[in-house]
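Please open the structure in your viewer and keep the selection tool at hand. The stops below move from the whole chain to single residues.

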Amino acid sequence: MDIARKGPGVGALVPRARLNSSGARQSLNGAWQFRVSRGLAVAPDDGWERDDYRATGWTTIPVPAHWVLEGHGAPAYTNVRFPLPIDPPNPPDENPIGDYRLVFDAGPALLNGAVLRFDGIESAAEVFLNGHRLGTTRGSRLTHEFDVKGRLRPTGNTLAVRVAQFSDASYLEDQDMWWLPGIFRDVELVAVPDMGIYDVFAVADYDPETGSGTLELTLTDPHGRPGRARLSIPDLGITQEIDGSATLTTGRVEPWSAETPRLYDATLSTPDEEVRLRLGFRRVEVRDSVLLLNGQPLRFRGVNRHEHDPSHGRAVPLEKARAELELMKRHNINAVRTSHYPPHPGLLDLTDELGLYVILECDLETHGFVQVDWRDNPSDDPEWESAYLDRMQRTVHRDKNHASVLFWSLGNESGHGANLEAMAAWTAAFDPSRLIHYEHDWDCTYVDVYSRMYATHAEVRAIGEEVLTPASFDATPAQLHRRSLPFIQCEYAHAMGNGPGGLQEYQELFDRYPRLAGGFVWEWIEHGLTVDGRVLYGGDFGEETHDGNFVIDGLVSADREPRPGLVALAHWYAPVRIEVTDASVRVHNRYDLIDLSGLRFVWRTDEGGSGTLDVPAVLPGQTVEVPLPATGPVLTVEATLANATTWADAGHVVARGQRADVRPTARPATTAAPVRSAFDPVSMRLQALGGLRLDGPIPSLWRAPTDNDRYPGRDEPDLPPYAERWAEAGIDRLRTRLVSATDENGTLRTRLRTAPPGRDFALDAEFRWCQVRPDALLLDVTMTPRGLWPVEWARLGLDLVLPGRPTGLDWFGLGPGPAYPDLAAGAYLGRHHADANDLFTPYVRPQESGARRGVRQASISTSAGRLGVRVVEGGVPEIAVTVSPWSRKTLAATTHHADLVADGNTYVSLDLAQSGLGTATCGVGVLPRYRLPARPGRVSLLLESSAG
């Protein structure tokens, strides 16, 4: 087995389209015989590939699967670094080799001509059938087919596959993911009828000026000659013989888009075979630096998507993939970048049907070479050119008939070089109907779109504005060419842990400048692997080289549970913007191509009123104002689906707007009687209220660091991460001292000083306590920073501890989910409830979560009683409430959610102000408007209790 070379696999057939054919197919998925060796040098050479081999002492393994997830070795995660020395094309000696064997019978329809198809093997394989070597594979996520005509027999066929975990191909597949070897996609036999259709290329173009379609067809028969077939498209009244190739004018057609994914069923028939196509007529082009679809400006509201399952790695069942795409559609996502390889072939059928734009990426990334300043990067080595071209050709050919694929992407983070240019040249010549993407080509010498990752808001604004003014006289031809292209952020807003912040500001830029064609959030799904109920990440499997929990960066968990970032993203991606003013409801259509006739607008008040709103069929980009339907403290207007779709029921909410005029509760009457509640004599912390024990409140400025807090933002590259700055300033270990306590005409006045050890800056607080009832206290708090604080705060708030485990939270404020200053979109004002398990977000690495913002009143329930909190006149009009079964120190010190241990108490924070979250794990940190420098604060609260 040759695993150290610089070319494509050998023996595989030239790539072709994945066709929906009437020809026979036989799945070879299931239980295979399996064994694994430490390396090629010790892999048995015992005739295992022959059909007369006696397979004893082997185990079984499911196919598709990764052997390291089936009890043979362990997975490993790296982001950029290779887990092997950079010594191309050589793999390491310690290189597990997996041998697979399957004995099977073949159906009679396959014996006259068939191919053996592998859709994914990581990283290199050698394939044998009945002792005959068919060839080898390179390109782990690419389809390889082998001709088995004349070698297949009715019974007792032996298929043997030797797979190397690492090979020369590994240097081209460093794609920020788990290294997971094995046969992880489908294996099947596919009949090739002698008088059938071997390959089809269908280009369905749409002319937005005339509304008519054009269909270009190219057919190839099994012998490599121009094919002949009868074409039928019933909905267009077309029946025609095709000989080799043809261009047909179809007349008026309904165009395909993500908003109206209209597909026309077509068949190509020969005496031996019928191939079914689903044609979507659309045109993607660039004009005056603007990306157009069907003649109209197009903006991607997208996500990057790796394939991942918490138990099966990249062996993702298609029904799970469908559920993912439906979830995307329900959250207003319209585009997917297949980072960083072609997905399972069935996924493209779904994006065609459901309506999602696709940037289809080649199986290529050489990112690890950045660690050695790109020395020996294969992208510019002519000995690797055939491998690069083979990868691109297999990518394009397999999925060339899918309407949803708008861009071909050369790959990801592979530097620069002639091999990438060769890929682009071949692709442009073969398929000029689509655009070419590659992010690292910042000069745009061989791509059709200017693409960047994690550009700051300021840079994105400059890119949007530069085409609005004449170019300078000294601009180079390359600069002038780049200005003519649209711009996308192929990765932005890194969704790792609690975040990402900055979504609003990016979306406002995308909406403002026509050149900006939107972007793709990184990324869709967290890549945690579940073992014995624990979600694990890099380093948890004993890897010497790994990148920790950087693999846990998604808008949904590995189990596809939405994170708060997805809720906020759905708001900013919504196709309708609703603004409720004091006089009217303003509705703006943000669809790219359709009007609002498919939506129903409903309204409700918090006092129980409801109805429908008569909104006309507003055209894309237009705004309409309709009269205010009702009055009340809170008026909510929702845009809902008028009819059921393939991805949501009728009534599904796609957008929401509110008008709120809610004031704090009036201050309750107090008496001049002394405060009767129990206070600690040393600290003067409240110890009991009515029959409820508690401890606090005390001032607090820190939060358990989020993932974003642990990384330096690209806007502050010379500063340590927030978490380190907070630790250096000591705000994670504040101490509070009682300065004085006096009784003033029934008001208990305490003065506190809170400061970190070893520092001379502080936060002074004054608490004024008044008894309202035996079970209720009025608390006025004023907090003032003293000295020169060298660090911005995480929060300005009050912490207290209640006995008993938390059982729920009821509140009037923003909800139902958590919200932070730069991640509050999607939350709406109202009365909400959260059960105990909804009070926090179970991020794989524990961190701050669960804050409810805009709270006017709340009821915190524990197994020991209830504490009510009301914001009353005299301070801030609202607060943020966080309720947790764990202290912040416990959260910060624990590395996995499954390891958190609750101590039986309930930890409560009442925050006057909070810092934003940012996206510093990859991108900018907290934007200036969401930062929290040292500042005074004042709040008035009514605390009420009930025990038991």
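This is a predicted model: local features need pLDDT of at least 70, side-chain atom pairs count only at pLDDT 80 or more; totals for chains, interfaces and linings use all residues.

Residues are numbered from 1 along each chain as its sequence is written, and side-chain values use heavy atoms, with hydrogens and water left out.

**The whole chain.** Begin by selecting the protein chain, which holds 10 helices and 60 strands (DSSP runs numbered from the N terminus, helices being H or I of at least four residues and strands E of at least two). Along the principal axes, its C-alpha atoms fill a box of roughly 100 × 65 × 60 Å. Of its 948 residues, 60% count as buried, where buried means under 20% relative accessible area, exposed over 50% and partly exposed in between, with a 1.4 Å probe and protein chains only.

**Two packed helices.** Next select residues 385-399, helix 3, together with residues 418-430, helix 4; their axes lie 9 Å apart and they pack at an angle of about 35° (axes are lines fitted to C-alpha atoms, for helices over the stretch in contact, and angles run from 0 to 180 degrees between N-to-C directions). On the helix 3 side the contact (heavy atoms within 4.5 Å) involves residues including Tyr388, Met392 and Val396, and on the helix 4 side residues including Leu420, Met423 and Trp426.

**A buried helix face.** Now move to helix 7, residues 503-512, whose buried residues are Leu503, Glu505, Tyr506, Gln507, Leu509 and Phe510. Among the elements that cover these residues are helix 5 (457-466), helix 8 (564-573) and strand 38 (576-580).

**Thr158 and Asn130.** Select Thr158, which lies in strand 12 (residues 157-164) and counts as buried because its relative accessibility is 1%. Leaving aside neighbours within four places in sequence, the contacts of Thr158 include Arg101, Phe128 and Asn130. Asn130 itself sits in the loop between strand 9 and strand 10 (132-138) and, although not a glycine, has a positive phi of about 50°.

**Two cis peptide bonds.** Finally, select Glu122 and Ser123, where the peptide bond from the one to the other is cis, with omega near 0°; Ser123 lies in the loop between strand 8 (121-122) and strand 9 (124-129). The peptide bond from Gly815 to Pro816 is also cis, with omega near 5°, and Pro816 is found in the loop between strand 53 (806-815) and strand 54 (828-835).
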